[in-house]
Amino acid sequence: MLEIKNLKKTYPHFQLDCSFTIGADQVVGLVGRNGSGKTTIFRSILDLLRPDSGEIHLFGKPVSQLSEAERERIGVTFPNSFFSEQFTINEIKQIMTATYSTKFHMADFDQRCYQLNLPVDQKVKNFSTGMQAKLKLVLALSHEADFLLLDEPTSGLDVIVRKEILGILQDYLDQKKDRCVIISSHISSDLEQLCDFIILIDDGKIILQEETDNLLNHYGILKVSAEEYPSLEQAFILATAKRKYGYACLTKERTYYQDNYPQLAIEKGSIDEVLQLLTKGEEQ
Amino acid sequence: MEEVDTLNIIIQHSSMVPIYEQIIDQFRGQIIQKKLKANDPLPSVRSLAKELSVSALTVKKAYDALEQSGFIVTVHGKGSFVAMINAEIEKEHHQKEIQIELETLIKKAKHYGISNSDLLELVHLLLEG
Amino acid sequence: MKGLWVKDLLVLKKQKLAVFLTCMLAICSLVFFGQNGIMIGMAIFSATLSFIALNSLTFDQQNHGLMYLLTLPIQKKHYVIQKYLLLVFATLCFVVLMTIITGVFSEIAHWGLHFSYIFTRIYGVGAAFLIIVILTAQYQIKNGPEKAQVAMSIIGAIVAIVIGAIVTAVKYTEWGNTIFNKMYTYYIDYGSLPFVVLFTIVGIIVIGTSCKTSIRTLETMEIQ
């Protein structure tokens, strides 16, 4: 559904250069530090900025050539951009109806707002962060969008609200096949529970693209002392970083090391650990 | 069509065992023990994924594997259902269980230094008795 | 585009108090300044209009709002066109409104003013302010609402200076005087229609060019 080929954009402080594809019925998580390029990628997909070179195709067409009908199939949330907060939900509903006409499902939307205790006649600026996040998501899901782009939809929220929001999203995906989502977040546990694929990005380049399943179940971090290190089989080591205790090694074949080095300390793969290792994060 | 509300699929995120394997084992166990009967509907991939807090792809892999080994059938557009489990598959599963326990036993015997012939003699004795 | 209109009308509705007060002010200016009050009242009207209409743009731009808006199924081209149409229609409404108010007032106060007299003056002031607003909008689309407020003051000041220069030239220079007399004679002979037509043509050219430039700006700039 989404195809990004050799997307390049140069800024004074960093350079973006990446390619990836997202198929229908896939949920992809984009992880990376602030300034690693996530927002730039998102804005390129949404035609909010023109890349220096490369192609982005959504629904089979270059994003700059999507018709209005095709753009109705896109649902977006940003953490810091929305309708003016002077509007109430009732007013936003009017705008949505006029923008999406029959595709905007008013009854479902009303019911959702009711279930989530979102007051329909108060200005959005009076909502808590959690309520605003819920509103943004519910709105993105209110017009039969097939492609969802969610930029930090759960940032700043406590764990209960995050679960709620992810639940809403999962229910939406359950309703119809062939929808797809790209979601960025700093909260790796959210992505590990939700996403089918994880893309790690650092300094404008993609450093890992992997099934979440593989990441959690086959990747491992070997904690190797300086003495053990020389005798360690290097064939399956993807990356190594120095640590206080010796070395941390990333492998995609956790079971190999579990079987052959039973005394070795091995951690399950997780987004945070893998990201830290691959970006040569400093030992705390 | 009712969902199986009392589905007791429990997985451990912290375990070293891959999650989709855990899911497969849990379903197989429930089906063998007749807790899930033939034609019972399985939860949709996404709803189970939500419940277990894992990605849909993981659940899909498990369902695919279960279908491969004949435990479930997937009807396009309707979902997945428990298949008719014939005696063959049950027997296979039971045999696998025994095999695993035997493997553990054999390892233990080796560890204590008991020879293969001594072990076989012990087994014959017990089988006759 | 319909969604954009609904949105901006909701924004305007939020400011109906300002509109109402301005109407009152305009009527007061007719009371206190008599016939000169026509142009003063229209100037007040227009100034308020500028803030109100441009507010619809500021509303959109605040808190990075334009980023979200442009992910909705609207073309950037249409966003600009709708904004410009809003500004033009709003001005026309106010011109009509002020003309009616003045016309009624003129009857009541027995000023005996001709319709074309009232209308030309109001239209002239309205057109002048519309051009200021359009140019400010063009600047604001590119540079954001904070800088635009400064820009508007500067543009307003420039227009005031230009008008002041023209008045000075007319009053104190030979050639200024001559041109003015020529125009005045023209006005006596042919009525105010040519002037209205002239304003309209200039207005259309300015608005059209500005609109095209703004569309190009929006389509090439990075929206954040």
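Biologist: Which residue in E8(A) is the bridge partner of Leu149(A)?

Modeller: In this predicted model, the bridge partner of Leu149(A) in E8(A) is Ile182(A). The pairing to which it belongs joins strand E7 (residues 147-151) of chain A to E8(A) in the parallel sense, over five bridges.

Biologist: Which strand of chain A runs parallel to E8(A) and is joined to it by four bridges?

Modeller: That is strand E3 (residues 27-31) of chain A, and here Val28(A) has Ile182(A) of E8(A) as its bridge partner.

Biologist: How should I read the burial of strand E8 of chain A?

Modeller: Burial is judged by counting neighbours, a residue being called buried if 20 or more other C-beta atoms lie within 10 Å of its own. In strand E8 (residues 180-184) of chain A, four of the five residues are buried, so the strand is largely enclosed by the rest of the structure.

Biologist: Turning to chain B, what is the order of its elements from the N terminus on?

Modeller: Chain B has five helices and two strands, and they run α-α-α-β-β-α-α. Its radius of gyration is 19 Å, well over the 14 Å that the globule rule gives for 129 residues, so chain B is more spread out than a compact globule. The C-alpha trace spans about 55 × 35 × 25 Å along its principal axes, and buried residues make up 23% of the 129 residues in chain B.

How values were computed: Residues numbered from 1 in each chain as written. Chains lettered and ligands numbered in written order. Predicted model: local features only at pLDDT ≥ 70, side-chain atom pairs only at ≥ 80, totals over all residues. Rg over C-alpha atoms; globule rule 2.2 N^0.38 Å. Buried ≥ 20, exposed ≤ 12 C-beta atoms within 10 Å, placed from the backbone. Pairing = 2+ DSSP bridges.
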